[in-house]
Amino acid sequence: MHLLPRFDYYEPRDVAEACKLLSQFKASAKVIAGGTDILVNMKKGLIAPEYLVGIGKIPGISEIEPVDGGVSIGSNLIIEKLVEFDLIKKKFAMLSKAASVLGSPLVRNRATIGGNIVNARPAADLPPALIAMGARVKLKSRRQEREISLDRFFKGPGVTVIRPGEVLTQIVIDGPPPFTGGDYIKLMHRRSLEIAIVAVASRITLDGPDGIVTDAKIILSSVAPRAVHAVRAEKALIGEKPTEKLFEHAAKIASNECRPIDDIRGSARYRCDMVEVLAKRTLRGAFVEAREQ
Ligand SMILES: Cc1cc2nc3c(=O)[nH]c(=O)nc-3n(C[C@H](O)[C@H](O)[C@H](O)COP(=O)(O)OP(=O)(O)OC[C@H]3O[C@@H](n4cnc5c(N)ncnc54)[C@H](O)[C@@H]3O)c2cc1C
């Protein structure tokens, strides 16, 4: 680790001013939110932006607001709030669970949801749960605002569709349909301060408490350059009566669908085996929650 490289720090008062600064300084500027990722990378000498644009003082981007049965979450919201906030715990429990296993209390009280999305780490904790819930992100620049599905946001490790001059302002999640449940499980070597060896987020919707599966999402994390759908496993669930056997079948398909790499945290074979275990467990958890809704 080195000392931080030299940079100029700006603290805009609104999103428009932040966008103006970013478009003025172009590639030599970066947004800083909680700083738990960017400052580490700067200290390691991996990046050296000349300008940092702090978004911490901008009003209106650090709140959780109910919208039409769903929720709009400000990008600058600290992750601990996702763990504590009643609306998220009750209606979007999978997101709350994913937030609760991110880093440590110290990290969760600084790190933001926007930073966890934009850093685009293949093992980041919030994107799998957010993708499973069909979340969209609002991106604002000087000239326009666009909203895109998180499914289309990530391109690869550290790479997203965000353009220079754009700020992620809000994350929008629609209210879940009736009889919908989800679960997120992260496999780690220890209980905290660890990124996932493998993680799975599953969500299913039933057409009644004893009905068939009408929608299914299984998102695999840490097995590809970005969080990915287990597409064939999702298809295998739809139209079927949820049973233990069906979940085992879908989990096996998910395990065959993933193409992880070997690395210091786990071999590819181990990761595939764990995908099967976690997919089965998260589907069970999603089913229990779906029946209770
Ligand atoms: C000890 C430690 C443990 C960690 N453990 C985990 C873990 O278990 N799971 C996990 O997923 N992550 C973990 N992280 C990584 C990091 O804490 C999270 O990814 C965090 O959510 C990043 O948020 P931040 O607000 O600190 O982002 P920052 O560091 O401020 O920014 C990260 C990136 O996003 C960009 N950015 C931030 N906000 C915006 C915005 N609104 N618009 C446009 N660009 C933006 C920045 O320019 C930068 O490129 C850990 C980090 C540390 C230091």
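View 1. Helices (H or I, at least four residues) and strands (E, at least two) are DSSP runs, numbered from the N terminus. The model shown is predicted: local features need pLDDT of at least 70, side-chain atom pairs count only at pLDDT 80 or more, and totals for chains, interfaces and linings use all residues. Residues are numbered from 1 along each chain as its sequence is written. Strand S6 (residues 136-140) pairs with S7 in the antiparallel sense over five bridges; two strands pair if DSSP finds at least two bridges between them. Leu 139 has Arg 146 of S7 as its bridge partner. Four residues lie between S6 and S7, and the two strands form a hairpin.

**View 2. Strand S10 and its two partners.** Six of the seven residues of S10 are buried, and the strand is mostly covered. Strand S5 (residues 70-74) pairs with S10 in the antiparallel sense over four bridges. In that pairing, Gly 74 is bridged to Gln 170 of S10. S6 also pairs with S10, in the antiparallel sense and over five bridges. There, the bridge partner of Arg 136 is Val 172 in S10. In a regular strand the side chains alternate between the two faces of the sheet.

**View 3. The shell around the ligand.** The ligand is surrounded by 29 residues, and the closest are Gly 34, Asp 37, Ala 111, Gly 115 and Asn 116. Which element gives the most to the shell? H7 does, with four residues. By class, the shell has 16 nonpolar, 10 polar and three charged residues. Ala, Val, Leu, Ile, Met, Phe, Trp, Tyr, Cys and Pro count as nonpolar, Asp, Glu, Lys and Arg as charged, and the others, Gly among them, as polar. Domain 1 (8-54) and domain 2 (64-173) each provide at least three residues of the shell; domain bounds come from an automatic or database domain assignment.

**View 4. Thr 36 in the loop between S2 and H2.** Thr 36 sits in the loop that joins these two elements. Thr 36 is buried because 20 other C-beta atoms lie within 10 Å. Leaving aside neighbours within four places in sequence, Thr 36 is in contact with Val 107, Arg 110, Ala 111 and Gly 115. Contact means that the C-beta atoms of two residues, placed from the backbone, lie within 7 Å. Thr 36 and Leu 168 are 132 residues apart in sequence, and their C-alpha atoms are 17 Å apart in space.

**View 5. Helix H5 (residues 93-100) and its surroundings.** Six of the eight residues of H5 are buried, so the helix is largely enclosed by the rest of the structure. The buried residues are Met 94, Leu 95, Ser 96, Lys 97, Ala 98 and Ala 99. They pack against several elements, including helix H3 (79-84), helix H4 (86-91), S11 and S12.

**View 6. The sheet S11-S12-S13-S14.** Four strands in this order form an open sheet with antiparallel pairing. Strand S11 (180-187) and strand S14 (228-229) are the edge strands, each pairing on one side only. S11 pairs with strand S12 (residues 198-206) over eight bridges, and Gly 181 has Ile 204 of S12 as its bridge partner. Arg 191 lies in the loop between S11 and S12. Is Arg 191 buried or exposed? Arg 191 counts as exposed because it has 8 C-beta neighbours inside 10 Å.

**View 7. The largest nonpolar core.** This core has 90 residues, and those with the most contacts inside it are Leu 220, Ala 254, Val 275 and Ala 279. Helix H11 (residues 268-292) gives the most to this core, with nine residues. A nonpolar core is a set of buried Ala, Val, Leu, Ile, Met, Phe, Trp, Tyr and Cys residues joined through C-beta atoms within 7 Å.

Note on methods: A residue is near a molecule or strand if its C-beta atom, placed from the backbone, lies within 6 Å of it. A residue is buried if 20 or more other C-beta atoms lie within 10 Å of its own, exposed if 12 or fewer, and partly exposed in between; C-beta atoms are placed from the backbone.
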